[in-house]
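I opened this notebook to keep a record of what I looked up in the structure shown below. The entries follow the order in which I went through it.

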Amino acid sequence: RSNAEKFEFQAEVSRLMDILVNSLYSNKDIFLRELISNASDALDKIRFLSLTNKEILGEGDNTKLEIQINLDKEKKVLSIRDRGIGMTREDLIKNLGTIAKSGTSAFVEKMHSGGDLNLIGQFGVGFYSVYLVADYVEVISKHNDDKQYIWESKADGSFAISEDVWNEPLGRGTEIRLHLREEAGEYLEEFKLKELVKKYSEFINFPIYIWASKEVEVETPVDEDESSEEEETSESSSEEEEQVDEEDAETKPKTKKVKDTTYEWEILNDVKAIWLRSPKEVTDDEYNKFYHSLAKDFSDEKPLAWSHFTAEGDVEFKAVLFVPPKAPHDLYESYYNARKTYVKLYVRRVFISDEFDEFLPKYLNFLRGLVDSDTLPLNVSREMLQQHSSLKTIKKKLIRKALDMIRKIADEDPDESNNKEDKDAEKASDDNEKKGQYVKFWNEFGKSIKLGIVEDASNRNRLAKLLRFESTKSGGKLTSLDQYISRMKPGQKDILYITGTSKEQLEKSPFLERLTKKNYEVILFTDPVDEYLMQYLMDYEDKKFQNVSKEGLKLGKESKDKELKESFKELTKWWKGALTSENVDDVKISNRLDNSPCVVVTSKYGWSANMERIMQSQSL
Ligand code: ADP
Ligand code: MG
């Protein structure tokens, strides 16, 4: 175009596009839901802004918050258009090419190691999936604050921007035109597009229309030279029509009905929000699909659990929470940096934000879901909402429900109940789908539960119930604190544990010699985060935790210990003198050893040897 200005894609974006263009990936369908999801986001944005400024929507068709799909079979062009917020020239340049999203290089890396293209939306680069099916793409966009522009690219490392003096004015919003590749012809079939919308975009909260053909019968005048015989046999007519024919016979020309094709906007989704329905009426399959659409997670895996509830009282809201099957790729990478939660806030069905930091505590950031509140005011800014007192109540209830939901994964998992005292064999055999789900949960999100224990004092006990670990008696399996307590020896007061770098290393530890021999069970903590965990987890169900490598281990039979202490007093005294006091605090008779002659124990309030090791490795 004569007025075009050319730009280079940012390098990572360019690499990503190369991958997509050359992809032999068979499921190219994903581009459509990414475009619809972007359209929906853009509509959410304009609707949110219109809450505080009605004028922003404009008038006429501009006020229709909808998505339209249109196909031109001749030109092989598929277009998706929305009346969302649109993009200014600046937005087009930044959002579609020159500024790489934080997920871009992570996604490129994933693709190089054979990752699943399906997850493109989760990395914030969904738009580029258009190049799976198109070799040339035009993005026409009109934002209230700017003129209408065209962004275009053939995925050859560059894109161009021009002021749009060619197309019809959009009013407001964005139209994406995909010039489909030869082999992507199936995306010009209505039925294919309808099927895809049904499958992946059913839960979009704005109406999605397709410009669809429709077979109709139309009346056309009969030529005078056509024989009247033909007319009588060709069309069957009702009594009524016959009458009309008779009456009008002289004034009206004769007509016949013929099949014809017309076009009209056909709606493809049911816009009723799933969370407003009664949980009893929503099927598992619908929850699964809703999760996929909400989380942009289109893997084959189902969420591990969900909770759909209504909160009543001072603060009223409905919520749906999901435990995803996999942790988000950057869950722990950006744990302490400001990162948005994955729970979306709606107020009376209007999407407000998914960046409410205060909505869920960090350790529950892996949850997906939404909250729709009737109590919060609609016409205030996000910042003001963020301060609203209702949020505290919502947060509290969400945490409670989330922890219940996670506990239920364990409760319903037959693998878990096999170890349990009160096992209900009938119930356990009922549900094979739930088998092994808690271990799966634990492997993905166990670290979050541990961080929760560190961060959330008010729910520490509830979280501790969810802890799993191996112990000297768990036989390579995971076990829980409740199970540990049920196996404690008579007279055993404390919950015993040891920390280290691996199970193998710990099992050889001299600290365990005598304990193992005496049949005490010791928890083996091998994750670096466990050290932090145990600084916060002081007790559970009235039992204290005792690190067996630290001072203070008591195993009953105090009297015998006292005797020994007395008789070896001279030796320990000499020894303490021999080792300089700078290196050693004290020398004591030990109750933990069996074969080894001596062991170095750390003091009760100091770091454990393992903690020293962790701190050292971090400072290197
Ligand atoms: P994401 O949707 O995760 O942000 P995408 O690659 O799908 O990532 O889109 C990139 C950006 O392009 C969006 O964040 C948005 O700013 C902009 N964008 C894409 N499609 C539209 C649209 N239909 N209307 C307005 N902005 C859009
Ligand atoms: Mg997107």
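**Entry: Pro324.** I began with Pro324, which I found in the loop between strand 11 and strand 12. The model is predicted: local features need pLDDT of at least 70, side-chain atom pairs count only at pLDDT 80 or more, and totals for chains, interfaces and linings use all residues. Residues are numbered from 1 along each chain as its sequence is written, while chains are lettered from A and ligands numbered from 1 in the order in which they are written.

I call a residue buried if 20 or more other C-beta atoms lie within 10 Å of its own, exposed if 12 or fewer, and partly exposed in between, with C-beta atoms placed from the backbone. Leaving aside neighbours within four places in sequence, I listed Ala295, Asp297, Pro303, Phe366 and Arg368 as the contacts of Pro324; a contact requires C-beta atoms, placed from the backbone, within 7 Å. Asp297 is 27 residues from Pro324 along the chain, and their C-alpha atoms are separated by 8.7 Å.

**Entry: strands 10 and 11.** Two strands pair if DSSP finds at least two bridges between them. Ala311 stands opposite Phe317. The two strands form a hairpin with 5 residues between them, and Gly313 in the turn has a positive phi of about 115°.

**Entry: strand 12.** I next asked how many residues of strand 12 (residues 343-347) are buried. The count is 5 of the 5, so strand 12 is largely enclosed by the rest of the structure. In a regular strand the side chains alternate between the two faces of the sheet. Here Val343, Leu345 and Val347 point one way, Lys344 and Tyr346 the other way, and all are buried.

I recorded two partners for strand 12. With strand 14 (residues 368-373) the pairing is parallel over 5 bridges, and Val343 stands opposite Gly369. With strand 13 (residues 350-353) strand 12 runs antiparallel, joined by 3 bridges; Val347 has Val350 as its bridge partner. Strands 12 and 13 form a hairpin with 2 residues between them, where Arg348 in the turn has a positive phi of about 45°.

Entry: I traced an open sheet of 9 strands with mixed pairing, in the order 1-6-5-4-7-3-2-8-9. Strand 1 (5-8) and strand 9 (255-267) are the edge strands, each pairing on one side only. From one strand to the next the twist averages 20°. Helix 5 (residues 190-200) packs on this sheet, touching strand 2 (67-72) and strand 8 (208-221), and its direction makes about 140° with that of strand 8. Axes are lines fitted to C-alpha atoms, for helices over the stretch in contact, and angles run from 0 to 180 degrees between N-to-C directions.

Within the sheet I checked strand 4 (residues 134-142) and strand 5 (residues 148-153), which pair in the antiparallel sense over 6 bridges. Ser141 has Tyr149 in strand 5 as its bridge partner.

**Entry: ligand 1.** Which residues come nearest to ligand 1? I noted Asn38, Ala42, Asn95, Gly126 and Phe127, out of 17 residues around the ligand, counted where a C-beta atom, placed from the backbone, lies within 6 Å. Helix 2 (30-52) and helix 3 (89-98) each supply at least two residues of this shell, and the largest share, 5 residues, comes from helix 2.

**Entry: Tyr536.** I located Tyr536 in helix 18 (residues 528-536). Tyr536 is partly exposed, with 15 other C-beta atoms within 10 Å. Not counting residues up to four places away in sequence, Tyr536 touches Ile453 and Val454.

**Entry: the whole chain.** Finally, I noted that the protein chain has 21 helices and 19 strands. Of its 620 residues, 34% count as buried. The C-alpha atoms fill a box of roughly 130 × 60 × 50 Å, taken along the principal axes.

Key: Helices (H or I, at least four residues) and strands (E, at least two) are DSSP runs, numbered from the N terminus. Two residues are in contact if their C-beta atoms, placed from the backbone, lie within 7 Å.
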